[in-house]
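Subject: Handing over the model

Hi,

Here is the structure I promised to pass on. Have a look at it first, and then read my notes below.

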Amino acid sequence: MSGTPLVDDCGRGRTLVIDFSSPNIAKPFSMGHLRSTSIGNALSRIYAALGWKVVRINHLGDWGTQFGKLICAFRLWGERERLEKEDIAYLMELYIRFNDAAKADPALDDAARAAFKELEDGGAEARELWQVFRDASLREFERIYGILDVSFDSFAGESFYNDKVDGAVRTIMDAGLASTSEGALVVEMDEGSKEPPCMIRKSDGATTYAARDLAALFYRQKEYAFDRLLYVVGAPQSLHFRQVFTVLRKLGLAWHERCQHIPFGQVLLEGEMMSTRRGNVIFLEDVIKEAESRALEKMLANAVSDDESGSEDSAPSVDISQATDEQRARARILAVSSIIFFDLKNGRIKDVDFSWDEILNPHGETGIYLQYAHARIHGIMRKFEDRTGLSIDEIRRTTPVITEDASWPIFDAISLLPDKAAYAAENNEPPVIARWLLDLASAFSTYYRANKVINEDNPALSRERMAVVLSVREALAQGLQLLGIRPLDRM
RNA sequence: GCACCAGUAGCUCAGCUGGAUAGAGCAACAGCCUUCUAAGCUGUGGGUCACAGGUUCGAGUCCUGUCUGGUGCGCCA
């Protein structure tokens with residue numbers, strides 16, 4: 001723990017259930033998946049800091065016709081050894097191959113639907129394949145979540161609700177809300193509303209996305225008795241959530257008001273939606289690797305120009321393979337910081353066009369800038385006691401005496417955090433914290449340039465400035481953590 | 001066709017719920033490393049806040065309409 005909490009625990013005693021990340025199984029983690037993950041993770045941390053009890057749910061897309069496709073593809077071309085060795089990459093290959101083949105031969109789609117029906121009916125072989133696919137995918141996701149420092153309390157995905165859907169449908173029918181339309185079971189929206197009805201059972205009797213979400217809602221309300229339920233899901237699904245929440249309201253369930261869809265804009269590639277199937281997709285790990293090697297390069301170059309006091313204007317050539325494990329670990333955290341921050345610095349609802357140049361840019365309003373400010377304070381701390389003979393701990397424990405005008409803008413910036421955190425939670429907008437961090441880091445950077453903290457001749461000044469800088473460090477660390485970013489002590 | 005979302009500097013965006021001369025970053029240009037990390041700091045140029053009305057003492061912010069763009073619209077999830 002880093003000292004006293006900087007935000008009020010106004011959410012004490014309340015429970016938040018937050019559904020985020022929720023990737024579809026059998027596809028590698030793409031930049032498209034990152035948004036829900038980073039926004040959801042940041043919101044989880046912000047609410048938790050405000051005292052809420054937070055239940056993080058990864059509603060895995062581990063059910064549906066797509067598994068019929070995978071099962072079919074595996075029966076046609078599958079090799080166990082490759083699956084075990086290549087995990088998710090192999091699954092994706094099969095998935096793409098199947099989709100291509102189905103374009104030429106539509107009968108394959110029927111076979112896929114049949115295979116999914118087998119799965120739903122509990123066919124042993126289909127079930128076994130599904131389990132293998134799911135396990136392989138989950139292993140891969142857990143690895144990525146480890147890199148991102150994201151965790152979940154539950155991975156109960158769509159398959160988990162398979163045996164709960166009938167109950168949910170029955171509840172809706174018993175309430176007299178369901179009607180039959182073109183052979184399917186639907187709930188009509190409000191009188192006079194132009195919204196299409198919510199379909200809860202297909203004409204062939206199969207369950208729908210909406211029915212599974214309703215089953216999940218009933219289950220979560222019973223299991224967690226939440227005060228708020230957030231769905232961090234892309235904006236294109238707005239209609240779906242309006243329909244589902246309307247069904248809750250029509251059932252007379254007062255808690256429908258506690259459920260909220262938190263939409264966000266899509267990550268586009270050259271103006272188009274990313275699609276694993278079409279192959280125009282950027283994988284998260286490729287971005288992390290590129291950012292990491294650039295960070296390492298800079299890190300090693302800095303170390304070189306540090307040793308040779310000569311002016312090394314043109315970047316010295318460095319050999320990344322010489323990096324220590326410790327340097328690699330730092331570079332990775334820095335890479336992840338810049339990617340997460342890039343995702344969180346702007347309003348949720350905006351679409352973002354993916355650009356290597358922008359996401360890898362080390363200058364300006366970036367995660368790197370924030371980490372740099374934090375690391376520089378640690379740099380001062382490492383030298384302070386030897387040079388001044390003063391104790392950091394002692395300064396930390398003492399109420400600072402403020403005499404310099406330059407100190408005030410810093411404390412003013414810091415003092416905004418509680419309001420920002422409350423506002424960020426109320427509006428479910430992590431970027432509010434991101435913008436506050438940039439303001440604080442910018443104020444600090446200016447201060448840092450103009451006010452040397454270590455001053456051997458003036459202990460009183462050293463004390464005051466150290467107190468200022470320690471407060472900045474704590475606030476930066478706290479803000480970064482609210483966004484799910486691990487602060488670095490050294491760069 | 002209907003619904004939802006958006007439109008602020010060349011580009012990417014803030015603008016915390018109506019308050020004074022609209023702010024950052026990137027890009028461009030000009031400066032700053034013998035002193036705590038230059039992944040930084042300082043400065044310059046750049047805006048009819050899509051358009052038109054309305055409410056108000058006051059509108060980038062609220063209302064109406066128009067235009068432009070994005071997304072979605074029962075048997076995918």
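A question to start with: are Tyr145 and Phe152 buried or exposed? Both are buried, where buried means under 20% relative accessible area, exposed means over 50%, and partly exposed covers what lies in between (1.4 Å probe, protein chains only). I come back to this pair further down.

Before that, some housekeeping. This is a predicted model, in which local features need pLDDT of at least 70 and side-chain atom pairs count only at pLDDT 80 or more, while totals for chains, interfaces and linings use all residues. Residues are numbered from 1 along each chain as its sequence is written, chains are lettered from A and ligands numbered from 1 in the order in which they are written, and side-chain values use heavy atoms, with hydrogens and water left out.

The overall picture

Chain A has 491 residues, and 52% of them count as buried. The chain holds 18 helices and 10 strands; these are DSSP runs numbered from the N terminus, with helices being H or I of at least four residues and strands being E of at least two. Along the principal axes, the C-alpha atoms of chain A fill a box of roughly 85 × 50 × 35 Å.

Around the RNA

RNA strand B is surrounded by 62 residues, the closest being Glu182, Met199, Lys298, Lys420 and Tyr448. A residue is near the strand if one of its heavy atoms lies within 4 Å of it. Of the atoms of RNA strand B that come within 4 Å of the protein, 64% belong to sugar and phosphate.

Which elements supply at least two residues each of the surface near RNA strand B? Among them are strand S4 (184-187), helix H8 (209-224), helix H9 (238-250) and helix H10 (284-307). H13 gives the largest share, 10 residues.

By class, this surface has 25 nonpolar, 16 polar and 21 charged residues. Here Ala, Val, Leu, Ile, Met, Phe, Trp, Tyr, Cys and Pro count as nonpolar, Asp, Glu, Lys and Arg as charged, and the others, Gly among them, as polar.

There are polar contacts to look at as well, meaning pairs of N or O atoms within 3.5 Å (within protein, one must be able to donate a hydrogen and the other to accept it, and residues adjacent in sequence count only if both atoms are side-chain atoms). Glu158 has a polar side-chain atom 2.5 Å from a sugar or linking oxygen of RNA strand B.

Rings

Rings of Phe, Tyr and Trp (its six-membered ring) pair if their centres lie within 6.5 Å, and planes under 30 degrees apart count as stacked, over 60 as edge-to-face and the rest as tilted. That rule gives 18 aromatic pairs. Back to Tyr145 and Phe152: their ring centres are 4.9 Å apart and their planes are at 65 degrees, so the pair is edge-to-face. Tyr231 and Phe245 have centres 6.1 Å apart and planes at 45 degrees, so that pair is tilted. Since Tyr231 lies in strand S6 (residues 228-232) and Phe245 in helix H9, the pair ties together parts that are 14 residues apart in sequence. Both Tyr231 and Phe245 are buried.

One aromatic cluster is formed by Phe20, Phe29, Phe141, Tyr145, Phe152 and Phe155.

A charge sits over a ring if NZ of Lys or CZ of Arg is within 6 Å of the ring centre and within 35 degrees of the ring normal. Lys164 has its charged end over the ring of Phe160, 4.0 Å from the centre, and Arg376 lies over the face of Tyr448, at 4.1 Å from the ring centre.

Two loop residues

Most residues other than glycine have a negative phi. Ser21, however, has a positive phi of about 75 degrees. Ser21 is in the loop between strand S1 (15-19) and helix H1 (31-49), and is buried, with a relative accessible area of 5%. Ala225 also has a positive phi, near 45 degrees. Ala225 is in the loop between H8 and S6 and counts as partly exposed, at 48% relative accessibility.

Over to you!
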